[in-house]
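Welcome! Take a moment to look over the sequence and the fold, and then let us walk through them together.

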Amino acid sequence: MKIIDSVNEKINDSTVLCIGNFDGVHSVHQKIINKVIQDAKKNYCKSMVITFRQHPMSFLNPNNVPRILTPLNEKIRIFKEMGVDYLGLYDFLEVKNIPPKQFVKYLVNNYGMKKIVCGFNFRFGYNNVGNIQYLSELSKEFGFDVDIIELLNLYNKKISSTKIRSYIKYGDIEKANDFLGRFFSITGEVIRGKQLGRKLGFPTANLKYDAKFCIPQNGVYSTITEFNGCKYASMTNIGYNPTFRNKYISIETFILDFEGDLYNQKIKVNFIKKLRNETLFSDVHALIDQLEKDKIDTINIIKKYLK
């Protein structure tokens, strides 16, 4: 996959493309991108995804930016694994003031656009004034096709990044995963904590996280942790550890059947299912008993994914 990171760069291929923020790269996004790849191959073109380095709301309404589902490097990895040929990666400010017609002309001239695939609510151009109807009119003028993908429904809800954020916020990880079409995950560096888990017989990797990203509701989760190409059953606590009266939220993962030093290493934690809410235990022994139960539950939940 070739990354185009300048609006001035042209390519010599004809393309089928799609445009969007694609936060989460969820099931509908995947359907659109797969359609782009499929139609490009059929028409002897190259597939192209155009997206932005930052969420557009960080420029349009900085005080109301949604929590990010997927870091940029993860989005790039997903696009590459899906088989996208070109990725147009821009700063939103580079294109936000381009009028709709001029923007479409730019896509045709710079990227040889032969078809654009988009959702039914696709908007484009300055102030989002361009819509599907106008795009269809421009397609006749500039000689390209438009393919509209309808939104998908699940649990009687339309699949959207907004709904996924809500599921994650309230701990409904299983529904979030269904909407995403894969496990929700957090990737971060392991930092030193208070090492309380080690004293309990449950040493944890304390994950450094960025508050601009989505973080699940406080509680204990069955997870799968990835490190150095290997996957491990794990259980992850998010919250204040009320038994120890912590003042700050932490993300701590106990990795089953793992020995080694993870400090300053990056790990990826995939969230599978919420086990329980955070609990204030009467004493440390009650906490250890519950952790043993959590461990058994995690083994039973994760075993089908790690065969």
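## A buried phenylalanine

Phenylalanine 22 has a relative accessibility of 5%, under the 20% cut-off, so it counts as buried. Please keep in mind that this is a predicted model.

Which residues does phenylalanine 22 touch, once its neighbours within four places in sequence are left aside? The contacts are His29, Val49, Ile50, Thr51, Lys75 and Phe79.

Next, find the open sheet of six strands, whose order is β1-β4-β3-β2-β5-β6 and whose pairing is parallel. Its edges are formed by β1 (2-4) and β6 (145-149); each has a single partner strand, so one side of each is left without a neighbour in the sheet. From one strand to the next, the twist averages 25 degrees.

One pair is worth a visit. Strand β3 (residues 46-52) runs parallel to strand β4 (residues 86-90), and five bridges join them. Isoleucine 50, one of the residues that phenylalanine 22 contacts, has glycine 88 in β4 as its bridge partner.

Now turn to helix α3 (residues 72-82), which lies across β1, β3 and β4. Relative to β3, helix α3 runs at about 170 degrees.

## The protein as a whole

Stepping back, you will find nine helices and 14 strands in the protein. Here are some overall values in one place.

| Property of the protein | Value |
|---|---|
| Span of the C-alpha trace along its principal axes | about 75 × 40 × 40 Å |
| Buried share of the 307 residues | 47% |
| Distance between the mean positions of the 45 positive and 31 negative charges | 3 Å |

Notes. Residues are numbered from 1 along each chain as its sequence is written. This is a predicted model: local features need pLDDT of at least 70, side-chain atom pairs count only at pLDDT 80 or more; totals for chains, interfaces and linings use all residues. Side-chain values use heavy atoms; hydrogens and water are left out. Two strands pair if DSSP finds at least two bridges between them. Helices (H or I, at least four residues) and strands (E, at least two) are DSSP runs, numbered from the N terminus. Axes are lines fitted to C-alpha atoms, for helices over the stretch in contact, and angles run from 0 to 180 degrees between N-to-C directions. Contact means heavy atoms within 4.5 Å. Buried means under 20% relative accessible area, exposed over 50%, partly exposed in between (1.4 Å probe, protein chains only). Lys and Arg count as positive and Asp and Glu as negative; His and the chain ends are not counted. The place of a charge is taken as NZ of Lys, CZ of Arg, CG of Asp or CD of Glu.
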